[in-house]
Protein chains: 2
Amino acid sequence: MSDWDELAIEKDDALLATPFMVEMLRQMRAVDRYGIWDQAGDHEILDPFIMTSERKRCIPVVGDPDEDVLARVSAWYNGLAAAIERGGGRMAVPFIHLSHEGFGRALVTVGRLIVVDNTLRDVHRFGFRSLDAMVEEANNTVARAVQLITDHDDVASL
Amino acid sequence: MSDWDELAIEKDDALLATPFMVEMLRQMRAVDRYGIWDQAGDHEILDPFIMTSERKRCIPVVGDPDEDVLARVSAWYNGLAAAIERGGGRMAVPFIHLSHEGFGRALVTVGRLIVVDNTLRDVHRFGFRSLDAMVEEANNTVARAVQLITDHDDVASL
């Protein structure tokens, strides 16, 4: 497991200060009920979101998701919903349905409009290739969602 | 618990032959993996869906839903989705999210359109006042959903 000993995010990565990552940090610190991360740096808190191919190799192909990875999946969709809400000007609600085996579906809804619709699989290996990839995925998802709200405001406002 | 000894549905109730109830029976028999209901009449299989005020009095106000009631909630939304699909001509997908305490949300989605959006609470007491009330609730829900699909076909077809 030596690939987990080294952090995948630099302490001073400029992406950590982008609005989406600030929101993600807020989400992660919100579920830190025992203050485990009180002393942790931002890059350390977000580090488990990064799933490099080296790290992936350490994780079995088939496995049940644990509480930590479920918290990260929740934080990710909460973060997306918050960003969509900011961008689209309407309340966005995340909605995750997962089986114990880590398969399921995640939605973000705005009124009666589904602005994010993802199939979830192999959730025990949830993560992003790099911090860059994570930010890019978030930006693309939010942009598509805000466009959907603009295009179908009659449904988003129902 | 004597109120459960007497069935709340008559063996020859004409509503049992309506398309929605036929679908509900199909759903219930589909989850009967051990053949418990092989010999049961239709009115006996649907009987637990009826929650008269007398029956309600036998159930604690606060309680965790058991597997049987969760199967009935699933069957109900599967049945609605099947009826909406028939009426609206597009694939409808049910989506239930429940906490262990029996609170949550149930959706039926068609494309990117949410055609049913229910808040779930006190699921351990899930049921309908009578078979009439159940059919009426289904008909109203399906009619509203089909109308939404007609009004917003651009989103339903996404």
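Are B:Phe20 and B:Trp76 buried or exposed? B:Phe20 is buried, and B:Trp76 is buried as well. The model discussed in this report is predicted.

## Aromatic pairs in chain B

A pair of aromatic rings is described by the distance of the centres and the angle of the planes. Over all chains, the structure holds nine aromatic pairs. One of them joins B:Phe20 and B:Trp76 in an edge-to-face arrangement, with 5.6 Å from centre to centre and 85 degrees between the planes. B:Phe20 belongs to helix α1 (residues 19–30) of chain B, while B:Trp76 belongs to helix α4 (residues 67–88) of chain B; the pair therefore ties together parts that lie 56 residues apart in sequence.

The rings of B:Phe126 and B:Phe128 have centres 5.5 Å apart and planes at 75 degrees, so this pair is edge-to-face. The angle can be set against the cut-off, since planes over 60 degrees apart count as edge-to-face. Both B:Phe126 and B:Phe128 are buried.

## Aromatic cluster in chain A

In chain A, ring pairs link five residues into a cluster: A:Phe20, A:Phe49, A:Trp76, A:Phe126 and A:Phe128.

## Arginine over phenylalanine

A:Arg105 lies over the face of B:Phe95, at 5.2 Å from the ring centre. In the other direction, B:Arg105 lies over the face of A:Phe95, and the distance to the ring centre is 5.2 Å.

## Extent of the interface

The size of an interface is often given as the accessible area lost when the parts come together. Between chain A and chain B the buried area is about 1,600 Å², and carbon and sulfur atoms give 61% of this area. Within chain A, the residues that lose the most area to chain B are A:Phe95, A:Arg112 and A:Ile114, which together account for 40% of what that side buries. A:Phe95 is also the residue whose ring face lies under B:Arg105.

In terms of contacts, 19 residues of chain A meet 19 residues of chain B.

Polar contacts, by contrast, number 10 residue pairs between chain A and chain B, with both residues at pLDDT 80 or more.

Which elements of chain A each supply at least two residues of the side that touches chain B? These are β1 (93–98), β2 (104–110), β3 (113–120) and α6 (153–156) of chain A. The largest share of that side, five residues, comes from β3(A).

Definitions and conventions: Residues are numbered from 1 along each chain as its sequence is written. Chains are lettered from A and ligands numbered from 1 in the order in which they are written. This is a predicted model: local features need pLDDT of at least 70, side-chain atom pairs count only at pLDDT 80 or more; totals for chains, interfaces and linings use all residues. Side-chain values use heavy atoms; hydrogens and water are left out. Rings of Phe, Tyr and Trp (its six-membered ring) pair if their centres lie within 6.5 Å; planes under 30 degrees apart count as stacked, over 60 as edge-to-face and the rest as tilted. Helices (H or I, at least four residues) and strands (E, at least two) are DSSP runs, numbered from the N terminus. Buried means under 20% relative accessible area, exposed over 50%, partly exposed in between (1.4 Å probe, protein chains only). A charge sits over a ring if NZ of Lys or CZ of Arg is within 6 Å of the ring centre and within 35 degrees of the ring normal. Contact means heavy atoms within 4.5 Å. Buried area is the accessible area (1.4 Å probe) that two parts lose on being put together, summed over both. A polar contact is a pair of N or O atoms within 3.5 Å; within protein, one must be able to donate a hydrogen and the other to accept it, and residues adjacent in sequence count only if both atoms are side-chain atoms.
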